[in-house]
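Student: I've got a model open and I'd like to learn how to read it. Can you walk me through a few features?

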Amino acid sequence: MSHSTIDQGAAWQALKQHAGEMRRIHLKTLFADSSERFRRYSRKAAGLTLDLSKQRWNEETLELLLALAREAQVPEAIEAMLQGELVNRSEDRPALHTALRLPADTSLRVDGEDLVPGVHATLDHMASMVDKLHAGQWRGATGKAIEDVVNLGVGGSDLGPLMVTRALVDFRVHPAHPIEVHFASTMDGSQLADYLSRFNPETTLFVLSSKSFTTVDTLSNARTAQEWLMSRLVSSRQANCGEEDSRIDESLVLRQHFIGVSANCEKMCDWGIAKANQLEFWEWVGGRYSLWGAIGLPIALVVGMDNFRELLAGAHVMDRHFHSAALEDNLPVLLALAGIWNVNFLDIRAHSILPYDGRLEYFASYLEQLEMESNGKSATHDGQVVDYSTCPVLWGELGPNAQHAFYQLLHQGTQSVECDFIAPLRRYDHVEDPDTRRHLKAQHRMTLANCFAQSRLLMLGDDAIADAAPRPAYKRYRGNQPSTTVLLDRLTPSTLGALIALYEHKVFVQATIWGINPFDQWGVELGKQIAGETEKILSTREGLERMDESSQGLIEALWLAEGEEK
């Protein structure tokens, strides 16, 4: 049965008419008309301050957007997701990443089962692994303690842990036995090859992170790692023990040098990973939402389980705020509505993420996957092709670097771009030496000055410049570019958890309004299927005639190159 899409409703139509009026109003006028704009359009929760005053909206805009959220039944959708209803409709399951950060003394029953005990059993299993590695008690096949851990994953199994370990570098623990954590995700093996050329196989452990345990990228790297371990460890034993005592049992290598993280226990066992070295994750957790559980093992190895639990606690604080705050005071809802306003009514379809803190260097990449894989959809839940834009194109970079790269386009280009500026208010309090602390704090103040100045210039254009003398066109700034600023009190495990959860919930609210499913990724799955079929043609040299002319030419070029190598 076909249902009308959200753009046919009264709230959408009212916003469409209102947008015609707002497009003619410059941001500088909105600020000139109100002396309390920051107070009206900023909110605080979970150690974060959200400033939406530089969005191109007014009181009427916000009221109309809130009416749109109610018409789309956003409050009901929030309740449904948090209570474990089947919000992932195309895969007929809940989306319960929020359950991964529920405290141990709470309960969440889904289909008669309380999920919380299982979640904390996995966290406790993680903790025992972390303790064992940090104590130097996890030993390789030859008896030497593990020193390097390589996470083999891709997408959410790589980007989330990579982003968080970098962001929390100031919270790195220093155990009795130091462990270095590394990440390899590329299918071409370039990252892994670098590690294998430098690491000692006797002291290297690999973590295979794959929800399905069928991801080609990850398993390809895992097989390379396995072959490397076997060949090097056998050679090592031969050198030390002589030929007659040179065999190392493959099961010993797999048991001592591999940990598996997956929802598919059977495939982990088939691959040879010991049951004791398996960490569970569940079908009701999407890959890009999975860093909160076992996928976060690399995070816990770097910052320790106490800080990992603080990360979860900060996210849970944001979950509670998302659940209980009124729409007009709800940070994720307001952030989502600003995006809806820009994409669907001001026709701004580019969004740049600009952190002003070097520790957040991977945050933009993380959000690119979170938002574009979640909301890069063009069909509603009931299969109707939408006639409106959904997810914008996201990209970003550390703000201080981006100022010397693509800010030129932001300030004087022909594209309108929404920007998110993200920064901690305080930093370097922990530096002991007073002179070093003073200099570092001065650098941080300079960084914040750039952050605040750039959003002001994007808003006001030439009016931000003290010298109001006439300027040639190539020196003019048009301004009127909308932006949001997110300030963290400090960048800690707790506030980082809240920040990530803020954007997760923003994505869900936008998906709810657009009527799409943010928890599947059929486009990704189709790409994997076609890649597999193509690889079969490359290997067997059969079926080329079924390909299009361009693909035929590319494949033949590869075959020619392979023939020349021989």
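This is a predicted model: local features need pLDDT of at least 70, side-chain atom pairs count only at pLDDT 80 or more; totals for chains, interfaces and linings use all residues.

Student: Which domains does the assignment give?

Tutor: The domain assignment lists domain 1 (6-72 + 325-466 + 473-520), domain 2 (98-236 + 247-305) and domain 3 (523-565). Taken over C-alpha atoms, the centres of domain 1 and domain 3 are 42 Å apart.

Student: Now the sheet. What is the order of the strands in the open sheet of 6 strands?

Tutor: General idea to begin with: strands in a sheet pair through backbone hydrogen bonds, either parallel or antiparallel. Here the order reads 1-2-13-12-10-11, and the pairing is mixed. On average, neighbouring strands are turned by 20 degrees against each other, ignoring direction.

Student: In which sense do strand 10 and strand 12 pair?

Tutor: Strand 10 (residues 350-355) and strand 12 (residues 418-426) run parallel, with 5 bridges. To find your place, look for S352, whose bridge partner in strand 12 is C419.

Student: And how do I describe helix 7 against helix 14, and at what angle do they cross?

Tutor: For two packed helices, you give the angle between the axes and the distance between them. The axes of helix 7 (residues 156-167) and helix 14 (residues 363-375) come within 9 Å and cross at roughly 145 degrees. The crossing is left-handed.

Student: Which residues make the contact?

Tutor: Helix 7 supplies G156, L159, G160 and M163, while helix 14 brings F363, S365, Y366 and Q369. By type, that's 4 nonpolar, 4 polar and no charged residues.

Key. Residues are numbered from 1 along each chain as its sequence is written. Side-chain values use heavy atoms; hydrogens and water are left out. Axes are lines fitted to C-alpha atoms, for helices over the stretch in contact, and angles run from 0 to 180 degrees between N-to-C directions. Helices (H or I, at least four residues) and strands (E, at least two) are DSSP runs, numbered from the N terminus. A crossing is left-handed if the near helix is turned anticlockwise from the far one by less than a right angle, and right-handed if clockwise. Contact means heavy atoms within 4.5 Å. Ala, Val, Leu, Ile, Met, Phe, Trp, Tyr, Cys and Pro count as nonpolar, Asp, Glu, Lys and Arg as charged, and the others, Gly among them, as polar. Two strands pair if DSSP finds at least two bridges between them. Domain bounds come from an automatic or database domain assignment.
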